[in-house]
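Grab a pencil and work through these exercises with the structure open beside you. Each task comes with a worked solution, taken step by step.

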Amino acid sequence: MRVNGDIVSMTSYPIADWHPDISQRTGPVYRAIAAALHDDVVSGRLPPGSRLPTHRDLAWKLKVTVGTITRAYQEAERQGLVGGEVGRGTFVQDPRRLPNAPLEPPPAADIIDLSVNSSAVWPDAPVLRKALAGVAARADLSALMGYNHTNGATRLRRAASVWIEETAALSVPDERVLITAGGQGGLHAAFSTLTRPGDAVLVEQLTYPGVKALASLLGLRLIPVPMDKDGLLPDAVGALAAQHGAHTLYCMPTLQNPTTATMPLERRKALVEVARRIGLTLVEDDVYGFLNPQPLATLAEIGPDVTVYVTSLSKSLFPGLRTGFIVPPEPLWERTATMLRASLLSTAHLGTIAAAELIESGEAGGIAARRRALVAERQGLARRVLGQEPAGSDPRITHLWLTLPEAWRREEFARELMARRIKVTPADAFTVARGDTPHAVRICLCSVDREDQLESALHVVANLLTEPTAVMTTLV
């Protein structure tokens with residue numbers, strides 16, 4: 001019966017004679033098969049419309065289980081490479097005709113970009129499609145495209161309150177939450193509310209580059225606060241605030257970008273005490289907080305009267321939703337809402353309602369859990385390849401903060417990697433003041449979909465770390 005069924009199918013849809021060589025590929029077998037399929041589709045060896053071998057036939061050819069082939073085809077489908085049709089088989093898709101085809105050409109395929117701190121989103125594409133389909137089926141879809149919900153849709157603010165409590169253990173009434181265009185939009189609203197051009201803002205010695213961009217836009221002076229392995233030092237805050245007349249401090253207490261430091265509870269309490277004593281408002285960026293399965297008390301929980309809490313769904317769910325949340329202290333709420341209305345008017349309702357669908361259905365929690373699992377997997381790979389080199393970097397976050405051996409300078413190390421078609425971020429991008437820049441680089445682990453590409457790049461990094469003398473000799 002099976003033979004006859006195959007004959008009928010092959011009459012209309014010939015099966016491609018595809019037998020991938022995975023002997024030189026590393027990692028799980030199903031991913032190696034999916035990676036081989038990706039390469040053959042991109043190279044044109046498997047043109048659009050090609051019917052792939054059945055799960056059973058390819059399993060027999062490769063001497064693997066049928067379940068392995070099923071997982072490989074599922075992964076390829078998540079990447080948009082193939083599509084399955086009941087009763088017909090699995091077919092190679094034409095990327096140019098996919099509904100989710102990129103609007104712009106992707107970056108050069110031969111460059112492995114480890115400079116973008118994001119998580120791979122393709123594993124959760126089916127969940128996103130389902131949420132978007134739910135939005136599209138709404139009877140009030142046309143109303144979502146009008147001018148309304150200037151403080152954020154009531155439904156999303158309620159969902160945001162649930163999400164913040166789930167991921168940060170911070171209980172916030174939904175009416176206190178304001179919706180922003182991502183975390184960057186939340187930071188823009190916070191700084192616009194709290195500062196005027198020329199003001200000084202205290203920040204960590206190494207800080208998120210988006211804050212540097214905002215300071216330039218708003219005409220603010222960033223003042224670096226010394227750090228150690230546990231984050232910024234509260235004891236230095238008072239003197240620096242007095243010296244520069246600063247009334248605002250921005251920090252990332254949990255899994256700080258780029259150092260990966262997490263501020264201990266006692267230090268958080270000390271920082272809040274300093275803020276209350278000298279009249280300082282804290283802007284807490286908790287965008288990576290969801291990666292900590294047992295979150296510490298946030299600054300906003302310890303000191304709700306002196307803390308503006310900012311987070312977003314860009315790292316935990318999808319950057320393209322452009323959905324963030326800001327919770328200012330009660331006295332600042334109306335002014336912050338006014339700033340948001342003046343600069344943004346309202347967020348994109350389609351993205352925010354899709355976010356609400358994901359949170360309310362429980363799918364958001366599943367996506368965040370898969371992000372944490374991916375981080376653990378990639379960090380484990382990095383430590384196997386690099387050994388103890390990233391030992392000071394927290395394994396719960398999406399990147400490594402790699403301190404370089406003495407012979408290496410950060411800019412030269414990044415340049416040598418780029419010459420090998422691997423892009424990382426040197427510490428200069430995070431530095432606030434000259435002279436405070438360590439010789440270190442940030443290596444993002446989760447923005448590359450293919451694990452074999454990441455492993456290949458990490459081996460290059462490992463080899464380069466062991467050969468600094470030879471490279472530096474050429475620079476003299």
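Two strands pair if DSSP finds at least two bridges between them. Helices (H or I, at least four residues) and strands (E, at least two) are DSSP runs, numbered from the N terminus. Before you start, note that this is a predicted model, where local features need pLDDT of at least 70, side-chain atom pairs count only at pLDDT 80 or more, and totals for chains, interfaces and linings use all residues. Residues are numbered from 1 along each chain as its sequence is written, and side-chain values use heavy atoms, with hydrogens and water left out.

**Exercise 1. Work out the order of the strands in the open sheet of three strands.**

Step 1: Start with S15 and S16, which pair in the antiparallel sense over two bridges. Here proline 426 has valine 441 in S16 as its bridge partner.

Step 2: Now take S13 and S16 (residues 440–444), an antiparallel pair with five bridges.

Step 3: S13 and S15 (425–426) are the edge strands, each pairing on one side only.

**Exercise 2. Explain why strand S13 is largely enclosed by the rest of the structure.**

Step 1: Check S13 (residues 399–403): four of its five residues are buried, so the rest of the structure largely encloses it.

**Exercise 3. Find the residues with the most contacts inside the largest nonpolar core.**

Step 1: A nonpolar core is a set of buried Ala, Val, Leu, Ile, Met, Phe, Trp, Tyr and Cys residues joined through side-chain atoms within 4.5 Å.

Step 2: The largest one has 89 residues, and Phe191 and Ile443 have the most contacts inside it. Helix H15 (residues 363–386) gives the largest share, nine residues.

Step 3: Look around phenylalanine 191, skipping neighbours within four places in sequence: its contacts (heavy atoms within 4.5 Å) include Val201, Leu214, Tyr250 and Val283.

**Exercise 4. Which residues of helix H16 are buried?**

Step 1: Go along H16 (residues 410–419), and you'll find Arg410, Glu412, Phe413, Ala414, Glu416 and Leu417 buried.

Step 2: Carry on just past H16 to arginine 421, which has a positive phi of about 70°.

Notes
Buried means under 20% relative accessible area, exposed over 50%, partly exposed in between (1.4 Å probe, protein chains only).
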